[in-house]
Amino acid sequence: MFSFLKKAVPVSLVLVSVGVLSACTTGQEMTAKLTAQAEKGDVEAMVELAEVYCGGKNIEQDDQICGMWMKRAAEKGHVRAQYMLGRMYELGLGMRADPVQAYKWYSLSAPHYHMSQTGAETVYAVMTPVQQSEARKVADEAKKTNPSKQ
């Protein structure tokens with residue numbers, strides 16, 4: 001009655017396997033292309049590459065490489081990258097947890113990204129008074145030299 005499954009299942013497994021392998025190749029090619037663009041200074045490519053490494057999309061997840069590219073984009077004023085970097089510092093993803101740095105990056109993106117203000121307030125609330133003072137100073141200095149760009 002279901003004899004067609006004997007032939008159909010192996011063929012479908014082969015098709016799925018070929019699709020997975022081609023997706024992996026495409027993912028590697030995409031990563032190589034994004035890396036080349038990011039190394040040339042393309043900020044959007046930096047953010048996309050960081051997200052690929054953070055999410056492990058078609059490549060092995062690597063929070064340190066994610067953090068490196070996210071920081072490069074954030075330093076160039078990319079608002080979403082600044083927010084994401086703040087989040088990474090807050091949670092210690094790909095780098096040592098650092099509430100002062102988290103506050104800095106949240107503060108830089110806060111005027112353009114509403115979630116950043118919430119992040120800054122949350123991190124600030126759990127800091128010691130010494131950390132709060134340092135965080136305000138670091139954030140103020142960063143705002144002078146690293147303005148956010150939408």
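Which helix does Gly67 lie in? I looked, and Gly67 lies in helix α3, residues 63-75.

**Ground rules.** I'm working on a predicted model, where local features need pLDDT of at least 70, side-chain atom pairs count only at pLDDT 80 or more, and totals for chains, interfaces and linings use all residues. Residues are numbered from 1 along each chain as its sequence is written, and side-chain values use heavy atoms, with hydrogens and water left out.

**Overall count.** I found seven helices and zero strands in the chain, with helices (H or I, at least four residues) and strands (E, at least two) taken as DSSP runs numbered from the N terminus. Read from the N terminus, the elements run α-α-α-α-α-α-α.

I checked burial next: 36% of the 150 residues in the chain are buried. Buried here means under 20% relative accessible area, exposed over 50%, and partly exposed in between (1.4 Å probe, protein chains only). The chain exposes about 9,100 Å², and carbon and sulfur atoms supply 58% of that. Those areas come from the Shrake-Rupley method with a 1.4 Å probe; for residues, only the protein chains shown count as cover.

For contacts (heavy atoms within 4.5 Å), I took pairs at least 6 apart in sequence, and 51% of them join residues at least 24 apart.

**Back to Gly67.** Gly67 is buried, with a relative accessible area of 4%. Leaving out residues up to four places away in sequence, Gly67 touches Leu85, Met88 and Met95. I also took the C-alpha distance from Gly67 to Ala50: 6.8 Å in space, for 17 residues apart in sequence.

At the N-terminal end of α2, Asp42 is the cap, with a side-chain oxygen 3.0 Å from the backbone nitrogen of Glu44. Just after α2, Gly56 takes a positive phi of about 65°. The buried residues of α2 are Ala45, Met46, Val47, Leu49, Ala50, Val52 and Tyr53.

**The core.** Of its 34 residues, Met70, Leu85 and Tyr103 touch the most other members. Two or more residues each come from α1 (4-39), α2, α3, α4 (79-91), α5 (99-109), α6 (114-125) and α7 (129-145). The largest share, seven residues, comes from α2.

**Two more residues.** Is Ser116 buried or exposed? Ser116 is buried, at 0% relative accessible area, and sits in helix α6. Neighbours within four places aside, I see Ser116 in contact with Tyr83, Tyr106, Ser109 and Ala110.

Arg80 lies in helix α4 and counts as partly exposed at 31% relative accessibility. With neighbours within four places set aside, Arg80 is in contact with Val47, Glu51 and Tyr113.

Conventions. Polar contact = N/O pair within 3.5 Å; in protein donor to acceptor, adjacent residues only side chain to side chain. Core = buried A, V, L, I, M, F, W, Y, C linked by side-chain atoms within 4.5 Å.
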